[in-house]
Amino acid sequence: MPMFYFHLTEDGRRSPDLEGSPFASFELAYLATHRAIRDMWWEMVRRGKDPRGCSFEIHDAAATCLAVVPFVEAMEETMPSVLRSPADDPHAQGAVGKDRSDSASPRTGARGWRQRVSAAHR
């Protein structure tokens, strides 16, 4: 099964995915990326982070960049109303700017994001 690598860019910092995840096709990897972005969007908003500047680069095993998927693009396709400021988002009411110990750590690294993309595939 082909391997795909999901490099996360957040706040201008790139977290490379060194392990990759197997998918039967690029299309399935792309769809899993969109599902992971939707989950990550709300988690970031709850942590008081603005996910609008984040993106994933999807690479194949030859390190060829197949797609860049901005979080905004993924959310625009499914939920255009979320493109408002996180402070205005009803899902984040009372959570923006607060440290929530029950949330995932702010920087779990590329491995954590890879696990989210893989989980979205299941």
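This tour moves through the structure selection by selection, from the whole chain to single residues.

**Before selecting anything**

The model is predicted, so local features are reported where pLDDT is at least 70 and side-chain atom pairs at pLDDT 80 or more, whereas totals for chains, interfaces and linings use all residues. Residues are numbered from 1 along each chain as its sequence is written, and side-chain values use heavy atoms, with hydrogens and water left out.

**The whole chain**

Colour the chain by pLDDT, the predictor's confidence in each residue on a scale from 0 to 100: the average is 77, and 63% of the residues score at least 70. Then select residues 92–111, where pLDDT stays under 50 and for which the model has 30 contacts beyond four places in sequence, a contact being heavy atoms within 4.5 Å. Where pLDDT is low, the predicted coordinates should not be read in detail.

In a cartoon view, the protein chain shows three helices and five strands, running β-β-β-α-β-β-α-α from the N terminus on. These elements are DSSP runs numbered from the N terminus, with helices being H or I of at least four residues and strands being E of at least two. Of the contacts in the protein chain with a separation of 6 or more, 61% are between residues 24 or more positions apart. Buried residues make up 40% of the 122 residues, where buried means under 20% relative accessible area, exposed over 50% and partly exposed in between, with a 1.4 Å probe and protein chains only.

**The nonpolar core**

Select Phe6, Ile37, Phe56 and Phe71 next, which touch the most other members among the 20 residues of the largest nonpolar core. Such a core is a set of buried Ala, Val, Leu, Ile, Met, Phe, Trp, Tyr and Cys residues joined through side-chain atoms within 4.5 Å. The elements giving two or more residues to this core are β1 (3–10), α1 (26–46), β4, β5 (65–70) and α2 (71–78), and α1 supplies the largest share, eight residues.

A search of the whole structure finds four aromatic pairs, in which rings of Phe, Tyr and Trp (its six-membered ring) have centres within 6.5 Å, with planes under 30 degrees apart counted as stacked, over 60 as edge-to-face and the rest as tilted.

**Glu57 and its surroundings**

Move to Glu57, which lies in strand β4 (residues 55–60). Its side chain has a polar contact of 3.1 Å with that of Arg14 and another of 2.8 Å with that of His59. A polar contact is a pair of N or O atoms within 3.5 Å; within protein, one must be able to donate a hydrogen and the other to accept it, and residues adjacent in sequence count only if both atoms are side-chain atoms. Not counting residues up to four places away in sequence, Glu57 touches Tyr5, Phe6, His7, Arg14, Cys65, Ala67 and Val68.

Select Cys54, which is buried at a relative accessible area of 2%, and then Cys65, which is partly exposed at 38%. The structure holds zero disulfides, a disulfide being a pair of cysteine sulfur atoms within 2.5 Å. Val72 is found in helix α2 and, at 24% relative accessibility, counts as partly exposed.

**The loops**

In the loop between β2 and β3 (21–22), select Asp17, which is buried at 3% relative accessibility. The side chain of Asp17 reaches two backbone nitrogens, that of Glu19 at 3.1 Å and that of Gly20 at 2.9 Å.

Most residues other than glycine have a negative phi. Asp11, in the loop between β1 and β2 (13–15), has a positive phi near 55 degrees. Ala63, in the loop between β4 and β5, has a positive phi near 70 degrees and counts as exposed, at 58% relative accessibility.

Finish with Thr64, also in the loop between β4 and β5 and partly exposed at 39%. Leaving aside neighbours within four places in sequence, Thr64 is in contact with Ile58 and His59. Thr64 and Tyr5 are 59 residues apart in sequence and 9.7 Å apart in space, C-alpha to C-alpha.
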